[in-house]
Structure formats: structure tokens, C-alpha cells
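Please read the following walk through a single protein chain alongside its sequence and coordinates.

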Amino acid sequence: MSEPLDETGPIDYVVVEFPGNRMTGEAFPLLVDLVDRGIIRILDLRFIRKDEDGSVTALEIADLTGDGLLDLAVFEGVNSGLIGQDDLEEAAAAVEPGNSAGLLIYENTWAGPFAAALRRGGAQLVASGRLNVQAVLASLDALEAAS
């Protein structure tokens, strides 16, 4: 993981909650596809389960369902160490009891050349953020309805 800073793309994280601990696995092949196409690079991937009593358990990627079968072998070993116990606790605070969550840290490799060019030109990122998809769609619907 010793890629030079000037070639590194923006690094983001997401915490995705799975209500009722239901992980269908539908998104995992799409995540693999993003990696295979060089769009992102996964730096860390961890899963937690929050029981009804509020206790939190870190789940092994290899067997998320607890059935003894290897579920996500392709992601096994994706652990840079960036996600620490404090991150797991913070994620757990955002998760409702009875649910589970995935924590993903990834590099936007698609943006690496763009970011490198900006850095070479002396530019610095001074702000960044994400917009809630549902809020954006609701705003666009409202604007369309008003016109």
C-alpha cells in the first residue's frame, strides 16, 4: 500500500446498514466489478452486527451469515488496518439494534490522475462532501413540479 501520494485518488468511506441483518449479496459482485475495472480500490472492509440488546459484534468477512460457508472469499484479507475499534464503535452508534452494517474505505482510483494533476499545479482540496441521494431526487422532483 505504498502508492505515492501524488498518484493517489480521493479516499472515501461509507457505512451501510442492513435492516434485520439481511445481506442479500446482490451488491457484492458490483463492488468487485468496480475494483476489477480500476474505478475503486478497497482499502478496508469490515462488518458489524448490533444485537437487540445493543451489544456489537465484529463479523468475519469469510462467514457473514454464520452458516459455516465462505460467503465473501474475494474480500477476505481486505484489511489495511485503517478501520480501528473506535471506528467500529462510531459506526455501531449509527446502526439500529437488530441490524448489521458494512464499513468500507476505498480509494477513487478513477480520480487519481485528475487529483495528481491538480496537486502538481499546486491546488489543494479545501472542501469535500456528499449529498444524500434521496434529498437530491426529492429536490429535483419538487423543482420539476414547480415548473
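In this predicted model, Asp33 and Arg37 are joined by a salt bridge, with an N to O distance of 2.9 Å. Asp33 counts as partly exposed because its relative accessibility is 32%. Arg37, at 54% relative accessibility, counts as exposed. Side chains of opposite charge can pair when their charged atoms come close.

Is Glu107 buried or exposed? Its relative accessibility is 1%, so Glu107 counts as buried; the limit for buried is under 20%. Arg41, at 24%, counts as partly exposed.

Another salt bridge runs between Arg130 and Asp12, whose closest N and O atoms are 2.6 Å apart. Here too distant parts of the chain are linked: Arg130 sits in the loop between helix 3 (112–120) and helix 4, Asp12 sits in strand 1, and 118 residues separate the two. Arg130 counts as exposed because its relative accessibility is 57%.

The protein has four helices and four strands, and from the N terminus the elements follow one another as β-α-β-β-α-β-α-α. Among contacts between residues at least 6 apart in sequence, 77% join residues at least 24 apart.

The four strands make up an open sheet with antiparallel pairing, in the order 1-4-2-3. Which strands stand at the edges? They are strand 1 (11–18) and strand 3 (56–59); each has a single partner strand, so one side of each lacks a neighbour in the sheet. On average, neighbouring strands of this sheet are turned by 20° against each other, direction ignored.

Strand 2 (residues 41–50) pairs with strand 3 through four bridges and with strand 4 through eight bridges; the strands run antiparallel in the former pair and in the latter. On the strand 4 side, Ile42 has Tyr106 as its bridge partner. On the strand 3 side, Ile48 is bridged to Ala58, and Arg49 stands opposite Thr57. The hairpin of strand 2 and strand 3 has five residues between the strands, and Gly54 in this hairpin takes a positive phi near 90°.

Why is strand 2 described as largely enclosed by the rest of the structure? Eight of its ten residues are buried, which means that the rest of the structure encloses most of strand 2. Helix 2 (residues 85–94) lies across strand 1, strand 2, strand 3 and strand 4 (100–107), at about 55° to strand 2.

Of the 147 residues, 29% count as buried. The accessible surface comes to about 9,800 Å², and carbon and sulfur atoms account for 57% of that area. A nonpolar surface patch of about 610 Å² is built from Leu131, Val133, Val136, Leu137, Leu140 and Leu143. Of these residues, Leu137 lies in helix 4 (residues 133–146). With a relative accessibility of 48%, Leu137 counts as partly exposed; the class of exposed residues starts over 50%.

How values were computed
Residues are numbered from 1 along each chain as its sequence is written. This is a predicted model: local features need pLDDT of at least 70, side-chain atom pairs count only at pLDDT 80 or more; totals for chains, interfaces and linings use all residues. Side-chain values use heavy atoms; hydrogens and water are left out. Two strands pair if DSSP finds at least two bridges between them. Axes are lines fitted to C-alpha atoms, for helices over the stretch in contact, and angles run from 0 to 180 degrees between N-to-C directions. Contact means heavy atoms within 4.5 Å. Patches are made of residues with over 30% relative accessible area and no salt bridge: like charges are joined within 9 Å, nonpolar side chains (Val, Leu, Ile, Met, Phe, Trp, Tyr) within 5 Å. Accessible areas come from the Shrake-Rupley method with a 1.4 Å probe; for residues, only the protein chains shown count as cover. A salt bridge is a side-chain nitrogen of Lys or Arg within 4 Å of a carboxyl oxygen of Asp or Glu. Buried means under 20% relative accessible area, exposed over 50%, partly exposed in between (1.4 Å probe, protein chains only).
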